[in-house]
Amino acid sequence: MKHRVPWSLRRMAHLRRRTLAALAAALAVLAVLGVFAPPRAASVGVVAVARDLPGGTVLAAADLTTVDLPEAAVPAGAMTDAAGAVGLTLNGPLSARTPVTEASVATGQGLARPGYVVVALPLANQNLAPLVRPGVHLDLLDPGGAGDVFAADVRVVAVPESEAEGFGSVPTRAALVEVQPEVATRLAVAAQSGGVAIALR
């Protein structure tokens, strides 16, 4: 005597077969998509500025961050070591998250003659600032004293583009000048105590 399978069990088995068939079809589609999908582009971590910075900025660790870019989008000469960028001077303004490249910074070594270094000189006098150009020679005066010259015949090696800090503000200008190491130290001290006055030759 044959036993008939109850209708409910047959229906359940039918539904299970349909479910398994649907899952198999979905897995097949996913497999095909995986084969034909383009491979994910490899990314490279590069050094970038963390915020908008004007030209002439001497980079500190707080000025830098790291951004991931596709290999094809990495600019030539992009720096990948943030520690190696600290202490370098921006040749021009950079917007936030812009990669730092060898062309966008000056080490001071390639611009200066042997025995000299290149430092950023803020140009506080907006009347004289437009006259300060590469090749111009300056006298540096100590505004805290009697206006004595503490560095004479200082050569301007570059004047990065200026960048305004906000709407209606006056662009911050700085010149890269070639000085002896002892003058660079005095410049740093003078900048903290009120800045440096300049005289064009």
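Biologist: Why is Asp63 called buried?

Modeller: Asp63 has a relative accessible area of 6%. Buried means under 20%, exposed over 50%, and partly exposed in between, with a 1.4 Å probe and protein chains only. The value of 6% is under 20%, so Asp63 is buried.

Biologist: What kind of model is this, and how are residues numbered?

Modeller: The model is predicted: local features need pLDDT of at least 70, side-chain atom pairs count only at pLDDT 80 or more, and totals for chains, interfaces and linings use all residues. Residues are numbered from 1 along each chain as its sequence is written, and side-chain values use heavy atoms, without hydrogens and water.

Biologist: Where is Asp63?

Modeller: Asp63 sits in the loop between strand E1 (43-49) and strand E2 (64-70). Strands (E, at least two residues) and helices (H or I, at least four) are DSSP runs, numbered from the N terminus. The chain has 9 strands and 3 helices.

Biologist: What does the side chain of Asp63 reach?

Modeller: The backbone nitrogen of Ala60, at 2.9 Å.

Biologist: Which residues does Asp63 contact beyond its neighbours within four places in sequence?

Modeller: Ala48, Val49, Ala50, Arg51, Leu53, Thr57 and Val58. Contact means heavy atoms within 4.5 Å.

Biologist: What makes a set of residues a nonpolar core?

Modeller: Its members are buried Ala, Val, Leu, Ile, Met, Phe, Trp, Tyr and Cys residues, joined through side-chain atoms within 4.5 Å. The largest has 21 residues, and Leu121, Leu138, Leu140, Val177, Val179 and Leu187 touch the most other members. Strands E5 (117-122), E6 (137-141), E7 (149-158) and E8 (174-179) and helix H3 (181-192) each supply at least two residues of this core. Apart from it lies another core, of 12 residues, including Val49 and Leu53.

Biologist: What lines the second largest pocket?

Modeller: Among its lining residues are Arg113, Tyr116, His137, Asp153, Glu178 and Val183. Strand E7 gives the most, with 5 residues. The volume of this pocket is about 160 Å³.

Biologist: How many of the lining residues are nonpolar, polar and charged?

Modeller: The lining divides into 6 nonpolar, 2 polar and 4 charged residues. Asp, Glu, Lys and Arg count as charged, so Arg113, Asp153 and Glu178 are among the charged ones.

Biologist: How many of the chain's residues count as buried?

Modeller: Of the 201 residues, 30%.

Terms used. A polar contact is a pair of N or O atoms within 3.5 Å; within protein, one must be able to donate a hydrogen and the other to accept it, and residues adjacent in sequence count only if both atoms are side-chain atoms. On a 1 Å grid over the protein atoms alone, a cavity is a set of points where a 1.4 Å probe fits but cannot get out, and a pocket is an open set with protein on both sides within 12 Å along at least five of seven lines; lining residues have an atom within 4 Å of a point. Grid points are joined across faces, edges and corners, and a volume is the space filled by probe spheres set on the points.
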